[in-house]
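Reader: Please take me through one part of this model closely, residue by residue where that helps. I would like the cut-offs stated as you go.

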Amino acid sequence: MSLSVTVVEILSAQELRRTINRLASQIVEKTRDLSELVLIGIYSRGVPLAELLARQIEVLEGVPVAVGALDITFYRDDLDQIGLRTPAKTDIPFDLTGKTVVLVDDVIFKGRTIRAALNAVNEYGRPELIRLAVLIDRGHREVPIHPDFVGKQVPTSQKEIVKVHLQNWDGRDAVELIED
């Protein structure tokens, strides 16, 4: 018996670039004071995505945006199911107190990663406002978390996988839907 896997491109490199430009513009529009804005990328692909968004915001507005990286491994409620991983290095070298924090992730699915990220952020100060930007929202939430900024909504089944490829992480830009 052979297994058939279908890969469908959801976003091409050009569409991904446009989506990042749109997300950056939306973040700018909804942020009262860009000097208080920080982007926190969630490992793994949320980190390079946050860097891309920060660069685009600087291009649009001429304001540099601080970027941090967050590993939520030890804040997860499903470590018994996913197994212990080697944690990445959280790098938030600034106090988040009073800041507008935009958590950035590539794909939101059940919402548990974001719940863990919200818990982790509290260790770095008390932000004035926390928002969420995701490249792909695939639905199926198990917790009441909804992103503020969404690049693309992609209805999926539980069995499908959304895979984000970013040039500075994977050597190419694309978003794919993998169906078993």
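Author: Gln56 is buried, with a relative accessible area of 18%; buried means under 20% relative accessible area, exposed over 50%, and partly exposed in between, with a 1.4 Å probe and protein chains only. The model is predicted, so local features need pLDDT of at least 70 and side-chain atom pairs count only at pLDDT 80 or more, while totals for chains, interfaces and linings use all residues. Residues are numbered from 1 along each chain as its sequence is written, and side-chain values use heavy atoms, with hydrogens and water left out.

Gln56 lies in helix 2; helices (H or I, at least four residues) and strands (E, at least two) are DSSP runs, numbered from the N terminus. Not counting residues up to four places away in sequence, Gln56 touches Asn21 and Ala24, where contact means heavy atoms within 4.5 Å.

Helix 1 packs against helix 2 (residues 46-61) at an angle of about 65 degrees, and their axes are 9 Å apart. That makes helix 1 roughly perpendicular to helix 2. On the helix 1 side the contact is made by Ile20, Asn21, Leu23, Ala24, Ser25, Ile27 and Val28, and on the helix 2 side by Leu49, Leu52, Leu53, Gln56, Ile57, Leu60 and Glu61. Axes are lines fitted to C-alpha atoms, for helices over the stretch in contact, and angles run from 0 to 180 degrees between N-to-C directions. Angles under 35 degrees count as roughly parallel, over 145 as roughly antiparallel, 65 to 115 as roughly perpendicular and the rest as oblique.

Thr19 also lies in helix 1 (residues 13-30). Thr19 counts as buried, at 7% relative accessibility. A polar atom of the Thr19 side chain lies 2.8 Å from the backbone oxygen of Glu15. Beyond residues up to four places away in sequence, Thr19 touches Leu11, Leu135 and Gly151.

Asp106 lies in strand 4 (residues 100-108) and is buried, with a relative accessible area of 15%. From C-alpha to C-alpha, Asp106 and Val134 are 5.3 Å apart in space, and they are 28 residues apart in sequence.

An unreviewed UniProt entry lists residues 101-113 as "short sequence motif: PRPP-binding". UniProt positions are given in the numbering used here, feature names are shortened, and annotations may be inferred rather than shown by experiment. Over residues 101-113 the chain is 15% helix and 62% strand, with the end C-alpha atoms 16 Å apart.

Methods
A polar contact is a pair of N or O atoms within 3.5 Å; within protein, one must be able to donate a hydrogen and the other to accept it, and residues adjacent in sequence count only if both atoms are side-chain atoms.
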